[in-house]
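I opened my notebook for a first look at this structure. Here is what I looked up, in the order I went.

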Amino acid sequence: MRKESKRILFIEILLFLIALFSFIVFKSFKLITYILLLLGVFLLGVYLLGYERRNEKDNKDVILILLIFLLGYYFVTYGIGFFTGFLITGYSHRLMGILKNAVSNCFLFLFIELIRKVVVKKCKYNSNQLLIVSIVIISFIELVSVTTLSNIQNNRSIVEAIFSFLQIFSKNILLTYLVYHYSVITAIVYRGFMDILIYVIPIVPNFGDYINHIIAIVYPIVILFSINIYFSSSRKKISNSRLEVKLKKIRLASSFFLMFFLLLMVSLVSGAFRYQALTIGSGSMKTAINIGDVVIVDKKERIYKLGEIIAYKHDERILVHRIVEVTKNGDIYTYKTKGDNNENIDNWVIKQDDIIGVTNFKLKYIGWPTVKLSEWIIGGD
Amino acid sequence: MRRNKGWMILSVVALVFSVLSLSIAYAAMSETLKITGTANMEAATWKIKFSNLNATSTGSATYELPTISDTSLLDYSVTLTKPGDSVTYTFDVENVGTIDAILGTITKTSPVCTGNGVNATQDANIVCSNITYTLQYADGTIVSNNDLLDQGTTKSMKLELAYNSAATQLPVDDVTVNGLDITMIYNQK
């Protein structure tokens, strides 16, 4: 291993230990302590690895593209928010509170980006593995500013911490890409819009937790793709070789298939559109629907018929049972249901408003990971 | 890492892994996967029923007793002829099952008045703006969502229909009032 690689590894291990120490020891996150520790690591990094001042020639173009994406993000999401509604953020809305939050986090993100620059620019001449390790460790550093071990009290909070990590990791791939190929300024621009404005704007669009998480994961990757494709295509030599054209077509088809699959999955899981996927975790509908099956629910409102299998909300749960009784009282329809595998009819009446939709399609066993994870979460509560 | 390939592979892997795992975890956390099975419910019974129906009136109001079944009170009919007239139905709601119940939903529709004479619209407006109907417990507390009805307990309720005593206008002809429906749906607590 080269001497420089050893130094990069040393800085990364030091960062990891600081993050781990803070994660375990801090009962509540001490921002100022953390910032001072990161400042120390940055200075040590500059001493060991130096500070490269050279910037790439595409810097201004990249910042322009970033600004288009970031402003577009706010226009589109807040525009849609007028239809979906807004949520008030949990941060302080007093001027002093906003300034305190924004300024302290500015310092935190500034030092994280400066450390990234010192480490990542040197990785350019050393090892890809070190680069990937640095993305993971810097993501962990940032995770500690969101949660600490004292917040993790059950299996549910472990899963929530993993949610946070995935979002942070996705963002850090983009930020590392920007610093690696362009300059630290590009990463700071991104941070300013996506990580600091949240303390200033008191409302956020209400898309629900799932869609918000998905946007936070997907959007940085979309920006990375766009910048990568834009600059590589503007530099690429035109090639007419048949093999290359064929490979390009295969790559394009795979990309479209992947995009379609992910979009389909997100729309089904979120239930934002007409069809919603629900995982079955009980054997009450055996043998029509088994544990681990995923049913696709058609949410189109209508009067339901005897014998149809419906998904409905009851007592803060979602049940999937068969209609065994339909009662009409004026214009009001009520229903009674029963699980095929249950002996008794369910002891409650279901109103039309409680019904999510009717199930007429199922995918066998693909919901097993969800069932097992759900059992693990419930078991740890 | 090469400008194109390496970053693209890393991004795609991270994207697919993150979206897949997030979707699985979200489904596990948000959907309710425990469905009450037969074993838990066999020993329990579920029944809420109405009983002990009575009615009283004030002023010159007259009434007909509604049809009473275990689960509903249907087709009540009252005649209110002047301000201050009222009819009060009293009845018991009893949880004769073995499971505690909670009033999940109480739905009260708005009355619909239909005039029958030459001043039909005006008459209808006069009546609808002066008629009140309320559902209360015997002690005067308003019946509302999430009220408990534990197993083996009985609660007395009163349904009052009244013509506002402060009303200064009276309809010229008869007015039919429909839509005085109250639906109570009890769920397992």
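I began with the surface of chain A, which exposes about 20200 Å², with carbon and sulfur atoms supplying 65% of it; accessible areas come from the Shrake-Rupley method with a 1.4 Å probe, and for residues only the protein chains shown count as cover. I noted that this is a predicted model, where local features need pLDDT of at least 70, side-chain atom pairs count only at pLDDT 80 or more, and totals for chains, interfaces and linings use all residues. Residues are numbered from 1 along each chain as its sequence is written, chains are lettered from A and ligands numbered from 1 in the order in which they are written, and side-chain values use heavy atoms, with hydrogens and water left out.

Then I turned to the partner chain. I saw 39 residues of chain B in contact with 65 residues of chain A, contact meaning heavy atoms within 4.5 Å. The area buried between the two chains is about 5100 Å², and carbon and sulfur atoms give 69% of that; this is the accessible area (1.4 Å probe) that two parts lose on being put together, summed over both.

I also looked for salt bridges (a side-chain nitrogen of Lys or Arg within 4 Å of a carboxyl oxygen of Asp or Glu). The count between chain B and chain A is zero.
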